[in-house]
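Hi there,

Here is the structure I promised to pass on. Have a look first, and my notes follow below.

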Amino acid sequence: MRKESKDVAGMVRSFASRPAPDGGLDGAAALSAPLRELTRPRAQVRAAAAEAGEELAMAAENLSAWYGSTQALRSVTLPIRSRAVTAIIGPSGCGKSTLIRCFNRLHEVLPGARVSGRVLLAGRNIYDPRVDPVEVRRKVGMVFQKPNPFPTMSIFDNVAAGLHLVGIRNRRLVAEVVERSLRMAALWDEVKDRLHDNAMALSGGQQQRLCVARALAVEPEVLLMDEPTSALDPISSGKLEELIGELRRTYTIVIVTHNMQQAARVSDYTAFMLLGELVEYGPTDDIFTNPTDERTEAYVTGRFG
Ligand SMILES: Nc1ncnc2c1ncn2[C@@H]1O[C@H](COP(=O)(O)OP(=O)(O)OP(=O)(O)O)[C@@H](O)[C@H]1O
């Protein structure tokens, strides 16, 4: 487990202040960076992330979200480390799902839903008006609570569907990517002889791994998982956790979970939320064994929630 200073806010500040890559969507904003640094104190500690030697895949910066007049997120600032698993924990209704739905611009599809603040993906604000939400959703894939394969499609076509959407139609290439994705989702051996069966013929756990394969097929930069094992039996949950353990080498994963043991088992970093606010973030070991905030301690020791 990597250890780090507790000054996560400083690390986020440094990430938030990174200039966008040349020609990036934030290119214009980067030109005025000195001004922004003066006006935003959070942009001052540029060296901290470099010192920590940690790369960030994403970060929420002062992110707030509403459903009509109900505010579900309150100025959340949170780093998401590359090639690591970040668990989001907290009691029901604290905003976990809303947060990750803001990470791939799914929140805004609901009528009356609104977001303020920024979400940086590789240094670019995904809420920049010039950014295409469809492209964001390709780069930031999502696996939902209940397995949701396309019910009329075969196992093969479920994984190939995303490739068709991004314009990849070459049959050999599609077949290669489908196989690779199913292997990465640890499902290949179980389905290789029945790729053209209907996806609904799979067990719930297999369907969920199929959804992981479908998400991986388009090579996302980040994979979001919203309580991905809550509809699965213990054996299927264990397999999915093993899979997360494998994928963390290659992917950046953010997992929402109610299950504290699961968060402790699968994640490198944990964020604890309460009433729409981020209470504490840090290495999972620290959050579970040595939290700094008494509300975190009360939650992880089961005293509320
Ligand atoms: N579609 C919606 N319309 C209106 N309010 C909503 C909607 N979805 C969520 N909310 C509200 O937003 C707040 C955050 O909900 P959210 O689903 O993000 O919490 P959560 O921590 O993921 O909860 P759970 O653990 O129960 O899934 C709650 O107060 C909830 O009632």
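Let me start with strand 6 (residues 140–143), which is covered on both faces: Val140 and Met142 on one side, and Gly141 and Val143 on the other, are all buried. Buried here means 20 or more other C-beta atoms within 10 Å of a residue's own, exposed means 12 or fewer, and partly exposed is in between, with C-beta atoms placed from the backbone. In a regular strand, side chains alternate between the two faces of the sheet. Helices (H or I, at least four residues) and strands (E, at least two) are DSSP runs, numbered from the N terminus.

Please keep in mind that this is a predicted model: local features need pLDDT of at least 70, side-chain atom pairs count only at pLDDT 80 or more, and totals for chains, interfaces and linings use all residues. Residues are numbered from 1 along each chain as its sequence is written.

Strand 6 runs parallel to strand 7 (residues 222–226), and 4 bridges join them. Val143 has Met225 as its bridge partner in strand 7.

Next, Met184 lies in helix 8 (residues 171–184). Met184 counts as partly exposed because it has 19 C-beta neighbours inside 10 Å. Beyond its neighbours within four places in sequence, Met184 is in contact (C-beta atoms, placed from the backbone, within 7 Å) with Ala213, Leu216 and Leu247.

Finally, a backbone detail: Arg105 is not a glycine, yet has a positive phi of about 60°. Arg105 lies in the loop between helix 5 (96–103) and strand 4 (113–121).

Best wishes

Conventions:
Contact = placed C-beta atoms within 7 Å. Pairing = 2+ DSSP bridges.
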